[in-house]
Amino acid sequence: MSTNYEAFHQALKSAKHIATLCGAGLSAESGIPTFRGEGGWWRNYKATELATLSAFKRNPSRIWEFYNYRRGLVLQKTANKAHKALVDFENKILSQKPQTQTFTVITQNVDGISSNLKNYIEMHGNLFRTRCMQCGDIEENRDFPICEGLKGTENSKFDIDLPIEKLPACTKCKGLLRPDVVWFNELLDPKITSKIQVELDRCDLLLVIGTSGFVYPAAGYSEYVRSRGGKIAIFNIENTGNADFKFIGPCGETLPQALQV
Ligand code: BJW
Ligand code: ZN
(Lines give C-alpha, C1' and ligand atoms only; values in the text may rest on other atoms or scores of the structure.)
(Ligands and ions follow the chains in the order given, each with its own letter.)
Protein backbone atom coordinates (compact mmCIF):
# COMPACT_ATOMS: atom_id res chain seq x y z
CA MET A 1 0.00 0.00 0.00
CA SER A 2 1.37 3.40 -0.99
CA THR A 3 0.62 6.93 0.17
CA ASN A 4 2.96 8.40 -2.43
CA TYR A 5 1.48 10.91 -4.87
CA GLU A 6 4.17 10.33 -7.53
CA ALA A 7 3.52 6.59 -7.55
CA PHE A 8 -0.19 7.36 -7.89
CA HIS A 9 0.47 9.76 -10.78
CA GLN A 10 2.22 6.91 -12.61
CA ALA A 11 -0.72 4.57 -11.98
CA LEU A 12 -3.11 7.28 -13.19
CA LYS A 13 -1.08 7.75 -16.37
CA SER A 14 -0.93 4.06 -17.21
CA ALA A 15 -4.58 3.26 -16.42
CA LYS A 16 -6.89 2.99 -19.43
CA HIS A 17 -10.24 2.96 -17.67
CA ILE A 18 -10.48 5.05 -14.53
CA ALA A 19 -13.62 5.17 -12.40
CA THR A 20 -14.62 6.61 -9.04
CA LEU A 21 -16.94 5.40 -6.33
CA CYS A 22 -18.01 8.48 -4.38
CA GLY A 23 -19.84 8.77 -1.08
CA ALA A 24 -21.09 11.42 1.32
CA GLY A 25 -17.51 12.45 2.28
CA LEU A 26 -17.14 14.01 -1.20
CA SER A 27 -19.77 16.61 -0.32
CA ALA A 28 -18.80 17.02 3.36
CA GLU A 29 -16.59 20.04 2.64
CA SER A 30 -19.55 21.71 0.92
CA GLY A 31 -21.31 21.55 4.30
CA ILE A 32 -23.58 18.60 3.53
CA PRO A 33 -23.78 16.14 6.44
CA THR A 34 -22.57 12.57 5.91
CA PHE A 35 -24.86 9.62 6.53
CA ARG A 36 -23.03 7.98 9.39
CA GLY A 37 -21.05 9.41 12.28
CA GLU A 38 -21.75 12.82 13.80
CA GLY A 39 -23.51 14.25 10.75
CA GLY A 40 -25.84 11.28 10.49
CA TRP A 41 -28.56 12.57 12.80
CA TRP A 42 -31.66 14.66 12.02
CA ARG A 43 -33.88 15.72 14.93
CA ASN A 44 -33.65 12.61 17.15
CA TYR A 45 -33.44 10.14 14.30
CA LYS A 46 -30.54 8.37 12.64
CA ALA A 47 -30.52 9.17 8.91
CA THR A 48 -30.09 5.46 8.15
CA GLU A 49 -33.37 4.67 9.97
CA LEU A 50 -35.28 7.21 7.88
CA ALA A 51 -34.02 5.92 4.53
CA THR A 52 -36.44 3.01 4.24
CA LEU A 53 -39.79 2.43 2.56
CA SER A 54 -41.25 1.10 5.80
CA ALA A 55 -40.31 4.36 7.61
CA PHE A 56 -42.02 6.29 4.78
CA LYS A 57 -45.15 4.13 4.91
CA ARG A 58 -45.31 4.42 8.70
CA ASN A 59 -44.90 8.18 8.71
CA PRO A 60 -44.74 9.87 5.29
CA SER A 61 -44.84 13.33 6.88
CA ARG A 62 -41.70 12.70 8.96
CA ILE A 63 -39.81 11.38 5.95
CA TRP A 64 -40.92 14.28 3.73
CA GLU A 65 -39.92 16.74 6.47
CA PHE A 66 -36.47 15.09 6.45
CA TYR A 67 -36.11 15.20 2.64
CA ASN A 68 -37.56 18.70 2.33
CA TYR A 69 -34.98 19.87 4.89
CA ARG A 70 -32.16 18.19 2.97
CA ARG A 71 -33.30 19.66 -0.35
CA GLY A 72 -33.29 23.14 1.21
CA LEU A 73 -29.82 22.58 2.61
CA VAL A 74 -28.31 21.27 -0.64
CA LEU A 75 -29.82 24.15 -2.64
CA GLN A 76 -27.72 26.53 -0.54
CA LYS A 77 -24.47 24.60 -1.08
CA THR A 78 -21.96 24.69 -3.89
CA ALA A 79 -19.29 22.43 -5.35
CA ASN A 80 -16.12 22.10 -3.27
CA LYS A 81 -12.52 21.57 -4.36
CA ALA A 82 -12.99 17.81 -4.65
CA HIS A 83 -16.08 18.15 -6.90
CA LYS A 84 -14.15 20.66 -9.00
CA ALA A 85 -11.16 18.33 -9.25
CA LEU A 86 -13.43 15.65 -10.75
CA VAL A 87 -14.75 18.09 -13.37
CA ASP A 88 -11.25 19.34 -14.23
CA PHE A 89 -9.92 15.79 -14.48
CA GLU A 90 -12.82 14.74 -16.72
CA ASN A 91 -12.13 17.72 -19.00
CA LYS A 92 -8.46 16.76 -19.12
CA ILE A 93 -9.34 13.20 -20.15
CA LEU A 94 -11.95 14.33 -22.70
CA SER A 95 -9.49 16.71 -24.32
CA GLN A 96 -7.05 13.89 -25.13
CA LYS A 97 -6.46 13.45 -28.86
CA PRO A 98 -6.62 10.61 -29.53
CA GLN A 99 -8.73 9.53 -26.56
CA THR A 100 -6.57 6.96 -24.76
CA GLN A 101 -8.32 6.87 -21.39
CA THR A 102 -11.88 6.88 -20.03
CA PHE A 103 -13.10 8.40 -16.80
CA THR A 104 -16.47 7.66 -15.18
CA VAL A 105 -17.79 9.02 -11.91
CA ILE A 106 -20.03 6.57 -10.07
CA THR A 107 -21.61 8.16 -7.02
CA GLN A 108 -23.82 7.07 -4.16
CA ASN A 109 -24.64 10.72 -3.45
CA VAL A 110 -28.12 12.03 -4.13
CA ASP A 111 -27.24 15.76 -3.92
CA GLY A 112 -26.59 16.05 -7.66
CA ILE A 113 -23.68 18.45 -7.08
CA SER A 114 -21.54 16.59 -9.63
CA SER A 115 -24.31 16.33 -12.22
CA ASN A 116 -22.44 18.67 -14.58
CA LEU A 117 -20.03 15.78 -15.26
CA LYS A 118 -20.50 14.07 -18.60
CA ASN A 119 -19.78 10.48 -17.57
CA TYR A 120 -21.74 10.41 -14.36
CA ILE A 121 -23.76 7.61 -12.76
CA GLU A 122 -25.98 8.27 -9.73
CA MET A 123 -26.66 4.89 -8.14
CA HIS A 124 -28.94 5.92 -5.26
CA GLY A 125 -31.15 8.37 -7.14
CA ASN A 126 -31.47 12.12 -6.73
CA LEU A 127 -32.98 14.37 -4.04
CA PHE A 128 -34.45 16.60 -6.74
CA ARG A 129 -36.56 13.94 -8.43
CA THR A 130 -39.92 12.64 -7.21
CA ARG A 131 -41.67 9.36 -7.96
CA CYS A 132 -45.43 8.79 -7.65
CA MET A 133 -46.33 5.96 -5.27
CA GLN A 134 -49.49 5.38 -7.32
CA CYS A 135 -48.68 5.76 -11.03
CA GLY A 136 -44.85 5.61 -10.89
CA ASP A 137 -44.39 8.93 -12.76
CA ILE A 138 -40.91 10.41 -12.22
CA GLU A 139 -40.39 14.18 -12.33
CA GLU A 140 -37.53 16.59 -11.72
CA ASN A 141 -38.39 19.10 -9.04
CA ARG A 142 -36.11 21.68 -7.39
CA ASP A 143 -38.83 23.58 -5.49
CA PHE A 144 -38.15 24.56 -1.93
CA PRO A 145 -40.28 24.02 0.01
CA ILE A 146 -41.43 21.17 -2.18
CA CYS A 147 -45.06 21.96 -1.26
CA GLU A 148 -46.89 24.59 0.78
CA GLY A 149 -47.59 22.19 3.67
CA LEU A 150 -43.89 21.57 4.30
CA LYS A 151 -43.03 25.28 4.41
CA GLY A 152 -41.09 26.09 7.59
CA THR A 153 -40.97 22.46 8.83
CA GLU A 154 -37.22 22.48 8.18
CA ASN A 155 -36.80 24.75 11.22
CA SER A 156 -38.80 22.57 13.61
CA LYS A 157 -37.10 20.40 16.23
CA PHE A 158 -40.19 18.17 16.37
CA ASP A 159 -42.27 16.22 13.89
CA ILE A 160 -45.12 18.27 12.43
CA ASP A 161 -47.17 15.21 11.37
CA LEU A 162 -48.91 16.66 8.33
CA PRO A 163 -51.90 14.79 6.90
CA ILE A 164 -51.29 13.12 3.51
CA GLU A 165 -53.27 15.87 1.67
CA LYS A 166 -50.58 18.37 2.72
CA LEU A 167 -47.68 16.28 1.36
CA PRO A 168 -46.28 16.41 -2.20
CA ALA A 169 -48.83 15.05 -4.69
CA CYS A 170 -48.56 13.79 -8.27
CA THR A 171 -49.63 16.31 -10.91
CA LYS A 172 -50.89 13.41 -13.06
CA CYS A 173 -52.93 11.27 -10.64
CA LYS A 174 -52.82 13.14 -7.29
CA GLY A 175 -51.13 10.11 -5.67
CA LEU A 176 -48.57 10.58 -2.86
CA LEU A 177 -45.07 11.34 -4.15
CA ARG A 178 -41.86 9.99 -2.64
CA PRO A 179 -38.27 11.12 -3.21
CA ASP A 180 -36.79 9.24 -6.18
CA VAL A 181 -33.94 7.79 -4.15
CA VAL A 182 -32.96 4.19 -3.38
CA TRP A 183 -33.80 3.23 0.17
CA PHE A 184 -32.44 0.24 2.11
CA ASN A 185 -33.70 -3.12 0.83
CA GLU A 186 -34.80 -1.57 -2.46
CA LEU A 187 -33.35 -2.69 -5.76
CA LEU A 188 -31.19 -0.31 -7.73
CA ASP A 189 -32.46 0.61 -11.20
CA PRO A 190 -31.30 -2.26 -13.47
CA LYS A 191 -30.32 0.27 -16.21
CA ILE A 192 -27.97 1.90 -13.71
CA THR A 193 -26.51 -1.38 -12.43
CA SER A 194 -25.77 -2.56 -15.96
CA LYS A 195 -23.97 0.71 -16.76
CA ILE A 196 -21.96 0.29 -13.54
CA GLN A 197 -21.15 -3.32 -14.43
CA VAL A 198 -19.66 -2.22 -17.77
CA GLU A 199 -17.39 0.21 -15.91
CA LEU A 200 -16.37 -2.30 -13.23
CA ASP A 201 -15.59 -4.93 -15.88
CA ARG A 202 -13.08 -2.67 -17.59
CA CYS A 203 -11.86 -0.53 -14.69
CA ASP A 204 -8.13 -0.70 -14.01
CA LEU A 205 -8.06 2.08 -11.42
CA LEU A 206 -10.91 2.77 -9.00
CA LEU A 207 -10.83 5.91 -6.84
CA VAL A 208 -12.93 5.35 -3.72
CA ILE A 209 -13.74 8.82 -2.41
CA GLY A 210 -15.41 9.66 0.93
CA THR A 211 -17.43 6.51 1.46
CA SER A 212 -17.58 4.35 4.58
CA GLY A 213 -18.01 1.27 2.36
CA PHE A 214 -20.80 -0.20 4.50
CA VAL A 215 -23.61 -0.18 1.97
CA TYR A 216 -24.02 -2.83 -0.72
CA PRO A 217 -23.86 -3.18 -3.65
CA ALA A 218 -21.30 -0.29 -3.69
CA ALA A 219 -19.42 -1.90 -0.78
CA GLY A 220 -18.49 -4.82 -3.05
CA TYR A 221 -17.06 -2.79 -5.96
CA SER A 222 -13.48 -2.42 -4.70
CA GLU A 223 -13.05 -6.14 -4.15
CA TYR A 224 -14.59 -6.84 -7.55
CA VAL A 225 -12.18 -4.49 -9.34
CA ARG A 226 -9.26 -5.86 -7.32
CA SER A 227 -10.18 -9.45 -8.13
CA ARG A 228 -9.86 -8.54 -11.83
CA GLY A 229 -6.40 -7.04 -11.24
CA GLY A 230 -7.48 -3.38 -11.05
CA LYS A 231 -5.93 -0.97 -8.56
CA ILE A 232 -7.77 0.82 -5.76
CA ALA A 233 -7.03 4.29 -4.37
CA ILE A 234 -8.89 5.42 -1.25
CA PHE A 235 -9.47 9.08 -0.37
CA ASN A 236 -10.92 9.40 3.11
CA ILE A 237 -10.34 11.27 6.36
CA GLU A 238 -10.27 7.88 8.09
CA ASN A 239 -8.13 4.83 7.42
CA THR A 240 -10.71 2.59 5.75
CA GLY A 241 -10.59 -0.53 3.52
CA ASN A 242 -7.95 -2.36 1.50
CA ALA A 243 -6.24 -0.40 -1.21
CA ASP A 244 -3.10 0.01 -3.33
CA PHE A 245 -3.04 3.74 -2.53
CA LYS A 246 -4.42 5.62 0.45
CA PHE A 247 -4.65 9.37 0.79
CA ILE A 248 -5.89 10.12 4.25
CA GLY A 249 -7.25 13.65 4.72
CA PRO A 250 -10.06 15.86 3.44
CA CYS A 251 -10.63 14.94 -0.21
CA GLY A 252 -10.84 18.66 -1.08
CA GLU A 253 -7.10 18.66 -0.43
CA THR A 254 -5.96 15.17 -1.42
CA LEU A 255 -7.95 14.73 -4.65
CA PRO A 256 -6.73 17.84 -6.56
CA GLN A 257 -3.16 16.86 -5.66
CA ALA A 258 -3.67 13.26 -6.74
CA LEU A 259 -5.40 14.20 -10.00
CA GLN A 260 -2.92 17.05 -10.67
CA VAL A 261 -5.69 19.54 -11.42
C1 BJW B 1 -14.56 12.12 4.14
C2 BJW B 1 -14.67 13.49 4.39
C3 BJW B 1 -13.83 14.32 3.64
C4 BJW B 1 -16.11 12.50 5.65
N5 BJW B 1 -12.98 13.79 2.76
N6 BJW B 1 -13.71 11.62 3.27
C7 BJW B 1 -25.10 -7.79 1.43
C8 BJW B 1 -24.78 -7.98 2.75
C9 BJW B 1 -25.47 -7.32 3.75
C10 BJW B 1 -26.52 -6.46 3.47
C11 BJW B 1 -26.83 -6.27 2.16
C12 BJW B 1 -26.14 -6.92 1.16
N13 BJW B 1 -26.65 -6.53 -0.03
C14 BJW B 1 -27.66 -5.63 0.20
C15 BJW B 1 -27.80 -5.47 1.54
C16 BJW B 1 -28.79 -4.56 2.21
C17 BJW B 1 -28.39 -3.10 2.14
C18 BJW B 1 -27.03 -2.91 2.81
O19 BJW B 1 -26.02 -2.75 2.19
N20 BJW B 1 -27.02 -2.86 4.12
C21 BJW B 1 -25.76 -2.61 4.83
C22 BJW B 1 -25.92 -1.46 5.79
C23 BJW B 1 -25.25 -3.88 5.44
N24 BJW B 1 -28.33 -2.63 0.76
C25 BJW B 1 -29.43 -2.30 0.12
O26 BJW B 1 -30.52 -2.43 0.63
C27 BJW B 1 -29.33 -1.81 -1.31
N28 BJW B 1 -30.21 -2.57 -2.12
C29 BJW B 1 -29.87 -3.79 -2.55
O30 BJW B 1 -28.75 -4.23 -2.47
O31 BJW B 1 -30.93 -4.48 -3.10
C32 BJW B 1 -30.79 -5.90 -3.22
C33 BJW B 1 -30.86 -6.55 -1.84
C34 BJW B 1 -31.73 -6.05 -0.89
C35 BJW B 1 -31.75 -6.64 0.39
C36 BJW B 1 -30.90 -7.70 0.70
C37 BJW B 1 -30.01 -8.17 -0.27
C38 BJW B 1 -30.01 -7.58 -1.55
C39 BJW B 1 -29.79 -0.36 -1.42
C40 BJW B 1 -28.92 0.58 -0.69
C41 BJW B 1 -29.49 2.00 -0.73
C42 BJW B 1 -28.74 2.96 0.17
N43 BJW B 1 -29.47 4.15 0.31
C44 BJW B 1 -28.91 5.26 1.04
C45 BJW B 1 -29.98 6.37 1.15
C46 BJW B 1 -30.15 7.11 -0.17
C47 BJW B 1 -31.16 8.18 -0.08
C48 BJW B 1 -30.77 9.31 0.84
O49 BJW B 1 -29.68 9.89 0.76
O50 BJW B 1 -31.57 9.64 1.69
O51 BJW B 1 -27.75 5.75 0.41
S52 BJW B 1 -28.32 4.80 2.65
C53 BJW B 1 -26.93 5.86 2.66
O54 BJW B 1 -25.71 5.10 2.68
C55 BJW B 1 -26.97 6.59 1.32
C56 BJW B 1 -25.53 6.60 0.94
O57 BJW B 1 -25.40 6.77 -0.46
C58 BJW B 1 -25.04 5.26 1.43
C59 BJW B 1 -23.55 5.16 1.62
O60 BJW B 1 -23.11 6.04 2.57
P61 BJW B 1 -21.72 6.80 2.36
O62 BJW B 1 -21.81 7.67 1.18
O63 BJW B 1 -20.62 5.84 2.40
O64 BJW B 1 -21.72 7.79 3.60
P65 BJW B 1 -21.19 7.56 5.11
O66 BJW B 1 -21.73 8.66 5.92
O67 BJW B 1 -21.44 6.19 5.55
O68 BJW B 1 -19.61 7.70 5.00
C69 BJW B 1 -18.97 8.94 4.73
C70 BJW B 1 -17.48 8.67 4.61
O71 BJW B 1 -16.85 9.88 4.22
C72 BJW B 1 -16.81 8.22 5.92
O73 BJW B 1 -15.95 7.12 5.64
C74 BJW B 1 -15.99 9.44 6.35
O75 BJW B 1 -14.81 9.06 7.03
C76 BJW B 1 -15.69 10.06 5.01
N77 BJW B 1 -15.45 11.51 5.00
N78 BJW B 1 -15.59 13.69 5.41
C79 BJW B 1 -12.92 12.45 2.63
N80 BJW B 1 -13.84 15.68 3.86
ZN1 ZN C 1 -49.17 9.68 -10.12
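**Pocket and sheet exercises**

The second largest pocket holds about 360 Å³ of space, a volume being the space filled by probe spheres set on grid points joined across faces, edges and corners. Here a pocket is an open set of points on a 1 Å grid over the protein atoms alone, where a 1.4 Å probe fits, with protein on both sides within 12 Å along at least five of seven lines; lining residues have an atom within 4 Å of a point. This is a predicted model, where local features need pLDDT of at least 70, while totals for linings use all residues. Residues are numbered from 1 along each chain.

**Exercise 1.** Work out which residues line the second largest pocket closest to its centre, and where the lining comes from.

*Solution.*
- Of 18 lining residues, Gly 125, Arg 129, Asp 180, Asp 189 and Ile 192 are the closest to the centre.
- At least two lining residues each come from β5 (120-122), β6 (125-132), β8 (177-181) and α7 (190-202). Helices (H or I, at least four residues) and strands (E, at least two) are DSSP runs.

**Exercise 2.** Find the strand order of the open six-stranded sheet, then its edges.

*Solution.*
- The order reads β5-β4-β1-β9-β10-β11, paired in parallel; pairing takes at least two DSSP bridges between two strands.
- β5 and β11 (245-248) each have a single partner strand, so one side of each lacks a neighbour in the sheet.
- Now zoom in: β1 (residues 17-22) and β4 (residues 102-107) run parallel over six bridges, with Thr 20 opposite Val 105 in β4.

Conventions. Chains lettered and ligands numbered in written order. Predicted model: local features only at pLDDT ≥ 70, side-chain atom pairs only at ≥ 80, totals over all residues. Heavy atoms only, no water.
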